[in-house]
Amino acid sequence: MTVPQTSPSSTLKLFPYINHDPSTLPPSLDPFTITTSTGFLPYRTAPTTLPEAFKPLESLLDRLPVVKGDGSPGLLATYELGPAVHAELPDLTEEVDKLLTKDGKPDLFTITAVFRDYAFLASAYLLEPCWENWCKNPEGGYGLGRDLLPKCIAGPMYRCAQILDLPPFLSYAASYCLFNYTLDKPSEGYHYDNLRLIRAFERGLDPKSSEAGFILTHVDMVKETAPMITGAVKVLESIEQGGKRSSVNDGFRKILKAMEKIEACMEDMWKNSKPSDYLSFRVFIFGITSQSMFPNGVVYEGINDNKPLYFRGESGANDSIIPLLDHLLQIPMPDTPLTKILHEFRAYRPRPHREFLAYVAARAEQLGVRDFAVQDQETAILYLKTLDHVRSFRWRHWLFAREYIIRRTPHPTATGGSPIVTWLPNQLSAVMDLMISIYDTYLKDNLTTLDDGPDGPAKADSEEALFLAAYRKQLATMMEQVRDQREKLAREVERWCKERGV
């Protein structure tokens with residue numbers, strides 16, 4: 001195979017800070033600038049307070065939750081947030097452009113914190129009537145949200161979004177989740193029990209609440225992404241520089257170890273956030289697009305000539321973990337409207353995440369990562385096992401959607417506006433199909449055959465033979481599970497679609 005040759009430092013040319021010490025990065029950089037020590041997390045924890053000019057906003061956010069930090073009821077508990085916004089919040093749009101670093105550049109770190117808080121306030125304001133409807137009559141659905149976002153919220157949030165190159169709405173990374181945590185005791189580092197939310201809608205300021213558990217489990221997962229990024233870069237650069245197998249394989253092994261930790265954290269969702277609690281705080285993370293609560297969109301007062309705007313809601317699908325592997329492994333997605341939603345979600349990621357994922361997608365395509373992997377048995381096995389982590393991650397996500405949402409509400413769309421029954425299976429089926437194709441074509445009948453005696457591969461005479469023997473039976477068992485899950489998924493989706501009239 002002929003491998004395109006480029007500069008050994010092509011990654012560094014595009015991402016000059018990727019190997020930097022995060023503590024040395026200036027606040028003028030986007031807080032989601034990727035490094036090999038922080039991964040997809042911000043390069044430092046988010047500010048918990050805002051500059052003095054934004055104290056009216058901060059005051060509202062402190063009093064906003066259904067249950068405040070001190071345990072007393074907040075504005076959403078009595079459906080009084082809307083009136084409080086109109087009575088208390090001035091239009092601070094001009095203050096956003098005053099958020100500068102010492103050398104006169106936009107302070108993107110602080111601007112992201114301001115964006116986070118306006119995004120929280122905007123979602124709470126727009127969906128407060130839905131929260132009231134849900135509390136008073138859960139069987140009656142959500143009703144309608146407010147369809148006008150006042151200028152005192154719309155103006156500053158829109159300006160922050162322009163500077164950060166983000167849609168002006170609550171998003172997974174820059175507001176709801178990855179820029180919304182702090183450490184209770186900084187000296188103790190990033191273990192789950194040390195994570196705390198900065199902002200919450202319902203009971204999330206209590207770290208033992210299901211709302212806190214839902215958000216902080218995502219943070220706990222993303223904290224393990226640094227080795228994954230290191231491994232992905234190593235795979236690309238090793239192929240780029242001549243295709244040394246041992247180096248490529250080492251990159252895949254780094255990804256596999258990282259994914260084991262990420263999925264272990266993911267599995268803790270079941271105990272950190274109770275399925276029976278999710279629908280309550282979920283009210284506040286719906287978007288505008290494809291939602292019954294906003295049939296005519298939302299007018300952002302003073303923005304877009306006061307024509308309605310539509311944005312997708314907060315969704316874990318905006319995370320960058322699995323998209324990184326989708327791109328690196330060149331997983332083909334079906335040409336369906338569901339896949340188009342997947343592409344729309346890209347815009348809701350921070351700019352550094354978007355740029356890095358686009359780079360990985362382009363380089364993987366140029367270098368032919370998939371074709372390179374299947375030409376060697378060991379690399380092919382590592383590639384297939386990495387695909388299996390994508391499958392198991394998406395399978396678990398499907399189980400979450402089924403147990404937290406589908407079994408509990410007839411509402412047809414997820415928070416991001418995708419169809420709740422069919423969207424995740426669209427991507428999950430694509431991964432399973434590729435796994436079966438790779439295994440059947442390159443591995444099923446081609447693995448080196450060894451004489452396995454009662455004490456193992458007694459006739460193994462090389463490291464490669466030992467490796468292949470260890471994985472031969474494991475791969476067969478793994479692929480049997482994949483085929484079983486594909487059939488089970490198809491049956492489940494068909495049943496849920498029939499029951500819901502989809």
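Contact here means heavy atoms within 4.5 Å. The model is predicted.

**Exercise 1.** Determine which residues Ala430 touches, leaving out those up to four places away in sequence.

*Solution.* Begin with the location: Ala430 belongs to helix H18, which spans residues 423–443. Next, consider the accessibility, where the cut-off for buried is under 20% relative accessible area; Ala430 has 8% and is therefore buried. Applying the contact criterion then gives Ile331, Pro332, Met333 and Pro334 as the residues touched by Ala430.

**Exercise 2.** Decide whether Arg402 is buried or exposed, and list its contacts beyond four places in sequence.

*Solution.* Arg402 is placed in helix H17, residues 377–406. Its relative accessibility is 12%, so Arg402 counts as buried. With residues up to four places away in sequence set aside, Arg402 touches Arg407, Glu492 and Trp496.

**Exercise 3.** Work out how the buried residues of helix H3 are arranged around its axis, and what covers them.

*Solution.* First collect the buried residues of H3 (residues 81–88), which are Leu81, Gly82, Ala84 and Val85. Viewed down the axis of H3, these buried residues fall within an arc of 165°, and they therefore line one face of the helix. Then turn to the face directed away from the buried side, where the exposed residues His86 and Ala87 are found. Finally, the cover over the buried residues of H3 includes helix H2 (55–63), helix H5 (108–136) and helix H6 (151–164).

Technical notes
Residues are numbered from 1 along each chain as its sequence is written. This is a predicted model: local features need pLDDT of at least 70, side-chain atom pairs count only at pLDDT 80 or more; totals for chains, interfaces and linings use all residues. Side-chain values use heavy atoms; hydrogens and water are left out. Buried means under 20% relative accessible area, exposed over 50%, partly exposed in between (1.4 Å probe, protein chains only). Helices (H or I, at least four residues) and strands (E, at least two) are DSSP runs, numbered from the N terminus. The arc is that of the directions from the helix axis to the C-beta atoms.
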